[in-house]
Amino acid sequence: MFNNPYPNPMFNNQYFELIRDNQQFQPQKESTHSLYVDGIPNDAQEREVAHIFRPYPGFQRVRLIKKQTQKGREYLLCFVDFDDAFQATIVMQTLQGYRFDKNDKTGLKIYFANNPKQEKQNKK
């Protein structure tokens, strides 16, 4: 059984209150409200992906973008948006390595999505 010291986020916002002061969950300078999720199966539907992230407070939406390499291999880009960087940080830390299905050997890899406005400001 998975031994998670934090309550299930589906029940209420107490989840965030318990970990608000935990250093592991504090947003860093590069944190954004949007996450890039790698490892989503090519046949995944938006609804399936949303079910993973929807229970967390601050969830806004999932964006799946179908792409194709020059050799014709299809893949998905997945972005998940939250109300703020704190909520996104908690979700990233909590779901890092989440296995989408039983055949998933590596699990999800979750990163902060690049923020073009922030990148332009940093270059100045």
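**View 1. Strands β2 and β3 side by side in a predicted model.** β2 and β3 (residues 74–82) form an antiparallel pair with nine bridges; strands here are DSSP runs of E with at least two residues, numbered from the N terminus, and two of them pair if DSSP finds at least two bridges between them. Look for R63, whose bridge partner in β3 is F79. The model is predicted, with local features needing pLDDT of at least 70 and side-chain atom pairs pLDDT 80 or more, while totals for chains, interfaces and linings use all residues. Residues are numbered from 1 along each chain as its sequence is written, and side-chain values use heavy atoms, leaving out hydrogens and water.

**View 2. The whole sheet.** Four strands make an open sheet in the order β2-β3-β1-β4, paired antiparallel. Its edges are β2 (59–68) and β4 (109–112), each pairing on one side only. On average, neighbouring strands are turned by 25° against each other, direction ignored; axes are lines fitted to C-alpha atoms, for helices over the stretch in contact, and angles run from 0 to 180 degrees between N-to-C directions.

**View 3. Two helices across the strands.** Helices are DSSP runs of H or I with at least four residues, and contact means heavy atoms within 4.5 Å. Helix α2 (residues 46–53) lies across β1, β2, β3 and β4, at about 140° to β2. Helix α3 (residues 85–95) lies across β1, β3 and β4, at about 160° to β4.

View 4. T32 sits in the loop between α1 (14–19) and β1 (34–38). T32 counts as buried because its relative accessibility is 6%, and buried means under 20% relative accessible area (1.4 Å probe, protein chains only). A polar atom of the T32 side chain lies 2.8 Å from the backbone oxygen of S34. The backbone oxygen of A113 is 3.3 Å from a polar atom of that T32 side chain.

Technical notes
Buried means under 20% relative accessible area, exposed over 50%, partly exposed in between (1.4 Å probe, protein chains only). A polar contact is a pair of N or O atoms within 3.5 Å; within protein, one must be able to donate a hydrogen and the other to accept it, and residues adjacent in sequence count only if both atoms are side-chain atoms.
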